[in-house]
Amino acid sequence: MTGGKSKAGSRKADSKLAVKKQTKKEKKAAKDPNKPKRPSSAFFVFMEDFRKQYKEMHPKNKSVAAVGKAGGDQWKSLSEEEKAPFVAKAEKRKEEYERKMEAYNRKLAGGGDDESDKSKSEVNDDEDEEGSGEEEEDDD
């Protein structure tokens, strides 16, 4: 007789007592916004320049896929000598990324980066001195 009410009541109790299951997103660790971004590959360095050229030649084209396809075809047709400047830029970016990652990892480990800490404090000190100098001039 009280079957309808007991079912609804048990559902409410079950939902309160149920343990939340974590989704994949919740299980993942939150991304650190201060972590350096990975460097672009040689192809993506090439595409930066190619997109500009393609837009100049085809101003009415709005298709991202068309630009990507044309860029891919162009990249495949390039010889190793023609790809060399893009590969060199990508290598420079990779080296810079590795330096930034080392500094980032040291900072996480608690070692800190003395150079960046000094530069930050010097910038703040300079701003404080400039601000105090202006106040003194106003008082005179």
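Helices here are DSSP runs of H or I with at least four residues, numbered from the N terminus. This is a predicted model, in which local features need pLDDT of at least 70 and side-chain atom pairs count only at pLDDT 80 or more, while totals for chains, interfaces and linings use all residues. Residues are numbered from 1 along each chain as its sequence is written, and side-chain values use heavy atoms, with hydrogens and water left out.

I turn to the salt bridges, defined by a side-chain nitrogen of Lys or Arg within 4 Å of a carboxyl oxygen of Asp or Glu. The count by this rule is two. In one of them, Glu48 pairs with Arg93, with the closest N and O atoms 3.0 Å apart. This pair joins distant parts of the chain, since Glu48 belongs to helix 3 and Arg93 to helix 5, 45 residues apart. Glu48 is partly exposed at 30% relative accessibility, a class lying between buried (under 20% relative accessible area) and exposed (over 50%), with a 1.4 Å probe and protein chains only. Arg93 is likewise partly exposed, its relative accessible area being 30%.

A salt bridge also links the side chains of Glu96 and Lys100, at 3.3 Å from N to O. Both residues lie in helix 5, four residues apart, which is about one turn of the helix. Glu96 is partly exposed at 37% relative accessibility, and Lys100 is partly exposed with a relative accessible area of 45%.

To close, which residues of helix 3 and helix 5 make the contact, meaning heavy atoms within 4.5 Å? Helix 3 contributes Ala42, Val45, Phe46, Glu48 and Asp49, and helix 5 contributes Phe86, Val87, Lys89, Ala90 and Arg93.

Key
Contact means heavy atoms within 4.5 Å. Helices (H or I, at least four residues) and strands (E, at least two) are DSSP runs, numbered from the N terminus.
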